[in-house]
Amino acid sequence: MKIGILTQRHILGFGVDLVVHKTAQFLTDFGHDITVLANVASEDFPRVNYTVIPIPVELHPAPKKEYYNSRLYQKLIASYQFDALIFHTLPFFYALPEFKNTPSMVIEYGTSDTLFFPLHTKIFFHVNEYLTYHNYYPHADIICPISRFLENKLPHSLQRKTEVIPLGADHYKDFRYSSRQITARRQELGISKDDTVLLYVGRLNYEKQPYKNTRQLLDIFREVKRIRPDLQLVMIGYGDENDRRFLKKKGAIPVINVPFNEMSLYYQMCDIYVTTTLWEGFDLPLLEAQYFGKPVVAYSIGAHPEVCSNNVTGFLVTSRLDFQKKILTLAQNKLIYKYLSSNARMFASQYTWEKTVRNYENQLFSITTSSPAVNRRNPSQKAPLISIIIPNYNAPPDMLQSCLQSITNQTYTNHELVLVDNNSSDKSYRDVCSRYPGKHLLIENEKNYGFSSAINRGIDNAQGEWLLLLNFDTFLDPYCLENFIKNLPPQYTSIAGYAPKMYLATEYRVIDSIGTGINSSAEAYNVGIGEIDVGQHDRQRQIFGCCFGGAFLQKKSFDYAGKLDESYGMYYEDVDWCLRANLLGFSFYTMPAAIIYHYHSASLRHLSYNWKYELIELNLLKTAYKNFSFKNFSRALIKRLRSYHRQKKEGHSVFLVNNYNIIKKFDQQLPVLHRQRNIIQERRVQSEEKPLHYSPPPVNFFDPRFYSCRYTPDNILHSLEEKMTTTSLNQTEFALWTILQEVQNGELSLHQAKEHFFSSFQHGVYQKILFNLIPEQEVIHNPLAFKSGHVIVQKHERFPRGQLDGISLWLLNHNRINAGTVLCEIWDEDSYTSQSMQFPETRQDIWLKVPFSYSTQGGPFTLRLSLPGNIHKENTPSFAISEKPLYPFTATSANNRSLSGNIIIKYHFNPQERM
């Protein structure tokens, strides 16, 4: 991409100029053609790998005069025919209306506070700010403030197209100095080895930059030095000889106009970073100091709470007296200093220029090839029709009704419903579908052709440009379709589909899928399943494919990639199609703004696991044979055969028949598969290695036996660390990460961590997430008793707040279970409820749900489950009651048979009452 970067000044050492340099440098490294156009430019930047062109324009204090001057360079900029423009500073904002046909990005640094400025300067600042926000910024495609503080200062009309991207802090990482060099520089400045050095970096002249408040910093230093004579204040910045004499007279050590490559020397040399500035849109030196592991003391103003974690990486104060106390605390208490220092280094290390510029690059792609489908520069463009295709087979009426109601509640109304029924024995779907108020089509098959066939028939009858494939056990966020349309590109010929963010409907902020992944052995998985969502997947990125339980797909892509393979029935049909589409040159992206809730496997839990195992394994081999190279197919086949052999060797006789059937059926279908393979291999335009590259490693925070998230500290730590790779953590998130690190290292119990977090922070989302975490040691020790056929769970302290609508009961691996009655009783200090249900005779694993309604404020409770006493099996049976947490137990049932196994508690929350 050919990109032009417009800035007033390009001289090494200034904050904005450093951003321009790092942006141009990394974008060039990423393969783009970069040209920096500046009013004033120098050649001091090291290893410049981009083009710099000076544009001499006379700057004038009157905005109107400056606007007319801007016309002098507009033709020059237009002559380069840039694919995109990045605007950094005035006077180039005046050109935004003239380049409305060129994708444009604005980096917003904010307008400094006019406190203490003369009246004429205040007027000039405010007029410029008004014109910029109301006359020029509206013509930009996207605005990237460097902090949330600056985003909040923008008019609400502009905030709809903003993306906060913090700056990097690792620009001095290549300039490291030895301890000998540091000692030598301290000696040059007259600082002894026992002195504690305070450092300030910024503008030194108070009259020119009064909001920097350097005079108050000198006064504070004078006060603390009376108590600690070993304190020294080094002040670095741009100034002249008069500034140097004034600062020296006040007791500071001034260092004027430090070369860029020596800045890291002073950060390494100092002990504490201090600043009394009264306004900052970001404050890069504050973050730079933390990058070198230096605790900071600053006022809690502007963007400081975003780039410093109070009481974790430094101190953010509100008064001059508190400022003095915190400096003395750091100078006197080595334990606190060490704690803040280690946290500061870790906190700032997540702010890298590569991450920042990658985010800029993503936004540039979003305004060139991925701008919203309802084009910002062409509001009259017609919004596309979305066809929602739902395959149905014996869906519970209330679940299907919930799904269709969520479609009805969508804020985006240009959609149609195509419901394909596979000859359900329960015809209640007709009544449910008839109540859907929008345009809909009901297709009824004469027999059950399977999931793939139902999807194909729905696609044939759909009229929309985009398809939303949806399971009946899902429901949509009200803004799901609207957010999808807002984030669509105007040109999406090569994009086959988007993966929405799917949550587990019965869990709080737990991801079910954000796309699908596959490894070189053809083993597929839902990306992010079981992860606690803290925003780690909130940026769009390329992914291998979509889970067809909820997927936005372009209808035209089926004309090229073909329909779903109907021989699959169910399982892997989506993986097979996505892999085929990838081989033909199509791509898939995540769409985190579009949210869907899913009752994971609600329609398939009652089916035999052996039957599902056989179908999954067979379809895996079929997918690998048709789409993979022979090398990767051989790898997949050998791995499966080794797995089958290991099962036989370990005595898992239950799968021997299945494994034999898998090989037999695969061999029988080989002629048909070979013909399909030849067609795919002839048409492919790329190898499977490229789409495999877009499959992130699977995570292990989901228990497939119980369809439940594993609520452990490791889960949220993983999520926070994943978020660090794409963006920075805010103060609350970083504090939570620090606390859970201490839990993981054994320094805190989870109970202590919760108390500390709840007492310090009021962020509701993270309080709810932390409330659900289960300590590992509590998984081992259980508060259970088993008396006269009753299982009793007493004083379960992790009982959540909310409305419960049932307890799940799952009996595993029994030869035969006779009919009986299950009684569920639950009570706390204020209320009691009970519910009984019949337990059918079965020879398979069984999952039952005991329905009841129970409202709770959280806290201790007692649960008693009365089980049927006539459970028969030659060996000791094992069973589980619901889903979490896992408790091992051994006891005796009413018929005096020994029972041992696992008990797990899960609460089914009403979706309308979710926390």
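Student: Is Tyr-137 buried or exposed?

Tutor: Tyr-137 counts as buried, because its relative accessibility is 1%. This value, like the others discussed here, is computed from a predicted model.

Student: Which ring does Tyr-137 form an aromatic pair with?

Tutor: Its partner is Tyr-133, and the pair is tilted, with 5.7 Å from centre to centre and 40° between the planes. Tyr-133 also counts as buried, at 8% relative accessibility.

Student: Why is the pair of Tyr-560 and Phe-586 tilted?

Tutor: A pair of aromatic rings is described by the distance of the centres and the angle of the planes. For Tyr-560 and Phe-586 the centres are 5.9 Å apart and the planes stand at 55°, so the pair is classed as tilted. An angle over 60 degrees would be needed for edge-to-face.

Student: Where do Tyr-560 and Phe-586 sit in the chain?

Tutor: Tyr-560 belongs to helix H19 (residues 557-561), while Phe-586 is in the loop between helix H20 (573-583) and strand E24 (587-598). The two residues are 26 residues apart, and their pair links distant parts of the chain. Phe-586 counts as buried, with 10% relative accessibility.

Student: How many aromatic pairs are there by this rule?

Tutor: The count comes to 31 aromatic pairs. There is also an aromatic cluster formed by Tyr-172, Phe-175, Phe-260, Tyr-267, Tyr-291 and Phe-292.

Student: A change of topic, then: which rings does Arg-677 lie over?

Tutor: Arg-677 lies over the face of Tyr-625, 5.7 Å from the ring centre. Its charged end also sits over the ring of Phe-630, at 4.0 Å from the centre.

Student: And where is the place of Arg-430?

Tutor: Arg-430 is found in helix H16 (residues 428-434). Its relative accessible area is 40%, so Arg-430 is partly exposed.

Student: Which residues does Arg-430 touch, not counting those up to four places away in sequence?

Tutor: Arg-430 touches Leu-442 and Glu-444. With Glu-444 there is a polar contact between the two side chains, at 2.8 Å. The C-alpha atom of Arg-430 is separated by 9.7 Å from that of Pro-397, and these residues are 33 residues apart along the chain.

Student: Turning to the protein overall, how many helices and strands are there?

Tutor: The protein has 29 helices and 40 strands. It consists of 915 residues, of which 57% count as buried. Among contacts with a separation of 6 or more, 71% are between residues 24 or more positions apart.

Student: What does the accessible surface come to?

Tutor: The accessible surface of the protein comes to about 39,000 Å², and 50% of that belongs to carbon and sulfur atoms.

Note on methods: Residues are numbered from 1 along each chain as its sequence is written. This is a predicted model: local features need pLDDT of at least 70, side-chain atom pairs count only at pLDDT 80 or more; totals for chains, interfaces and linings use all residues. Side-chain values use heavy atoms; hydrogens and water are left out. Helices (H or I, at least four residues) and strands (E, at least two) are DSSP runs, numbered from the N terminus. Buried means under 20% relative accessible area, exposed over 50%, partly exposed in between (1.4 Å probe, protein chains only). Contact means heavy atoms within 4.5 Å. Accessible areas come from the Shrake-Rupley method with a 1.4 Å probe; for residues, only the protein chains shown count as cover. Rings of Phe, Tyr and Trp (its six-membered ring) pair if their centres lie within 6.5 Å; planes under 30 degrees apart count as stacked, over 60 as edge-to-face and the rest as tilted. A charge sits over a ring if NZ of Lys or CZ of Arg is within 6 Å of the ring centre and within 35 degrees of the ring normal. A polar contact is a pair of N or O atoms within 3.5 Å; within protein, one must be able to donate a hydrogen and the other to accept it, and residues adjacent in sequence count only if both atoms are side-chain atoms.
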